[in-house]
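Let's walk through this structure together, from the overall fold down to a single residue.

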Amino acid sequence: MAIRTIIETPDPVLKTVSSPVESFDDELKTLVADMFETMYDAPGIGLAAIQVGVPLRVLVIDLQEEDEDAEPEECHSHGGETHYHRPVKRMPRVFVNPEILDPSEDTSIYNEGCLSVPEIYAEVERPAACRVRWQDLEGKVHEEAMEGMMATCIQHEMDHLEGVLFIDHLSRLKRQMALKKLEKLRKAA
Ligand code: NI
């Protein structure tokens with residue numbers, strides 16, 4: 001496994017429309033393992049293959065929600081006063097050749113971010129629920145109804161397969177403001 005370089009906007013590679021996966025081979029398994037390692041290292045909750053420069057219809061997602069069944073643990077990781085979190089439960093999910101079926105008319109708004117648009121967050125409105133059909137690493141087809149954060153996350157990642165970033169959903173003015181802010185942050189870094 002290896003951490004791969006995450007491509008950032010405005011790299012034109014991110015505008016690529018990704019191709020369907022046809023061979024469910026070891027190369028695909030290595031790509032997915034690397035994508036998880038890269039995503040956890042970043043850290044992020046979702047990554048599309050094109051974000052590491054591979055134009056294939058492959059997504060990894062792990063919402064890394066707090067484990068409701070676990071006891072809160074003392075946290076030292078972000079300084080300040082002693083505080084407690086429940087430990088995060090890893091729930092890695094892989095989606096090969098995903099498709100969105102019947103998105104709901106209801107929408108929801110989440111404050112989104114993206115590893116390819118670092119440090120920038122903005123509210124995006126999307127269908128609140130959808131069904132998703134995809135293949136696993138063996139090529140087996142699955143289908144599931146999704147809602148909440150999972151529905152938003154998979155739609156955000158699906159956009160990457162069409163060469164679309166979350167900032168492309170913003171008004172022209174808001175997008176330009178976001179890109180300017182990113183440029184400033186990069187200069188300061
Ligand atoms: Ni993204």
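Among contacts in the chain between residues at least 6 apart in sequence, what percentage join residues at least 24 apart? The figure is 65%, where a contact means heavy atoms within 4.5 Å. Do keep in mind that this is a predicted model, in which local features need pLDDT of at least 70 and side-chain atom pairs count only at pLDDT 80 or more, while totals for chains, interfaces and linings use all residues. Residues are numbered from 1 along each chain as its sequence is written, and side-chain values use heavy atoms, with hydrogens and water left out.

Now to the fold. The chain has three helices and nine strands, taken as DSSP runs numbered from the N terminus (helices: H or I, at least four residues; strands: E, at least two). Along the sequence they are arranged as α-β-β-β-β-β-β-β-β-β-α-α. With a radius of gyration of 17 Å, close to the 16 Å that the globule rule gives for 189 residues, the chain is as compact as a globular protein of that length; the radius is taken over C-alpha atoms, and the rule is 2.2 Å times the number of residues to the power 0.38. Along the principal axes, the C-alpha atoms fill a box of roughly 50 × 45 × 40 Å.

Of the 189 residues, 41% are buried (under 20% relative accessible area; exposed is over 50% and partly exposed in between, with a 1.4 Å probe and protein chains only).

For a closer look, turn to Pro-43, in the loop between α1 (26-41) and β1 (46-48). Pro-43 counts as exposed, at 60% relative accessibility. Its C-alpha atom is separated by 27 Å from that of His-142, 99 residues apart along the chain.
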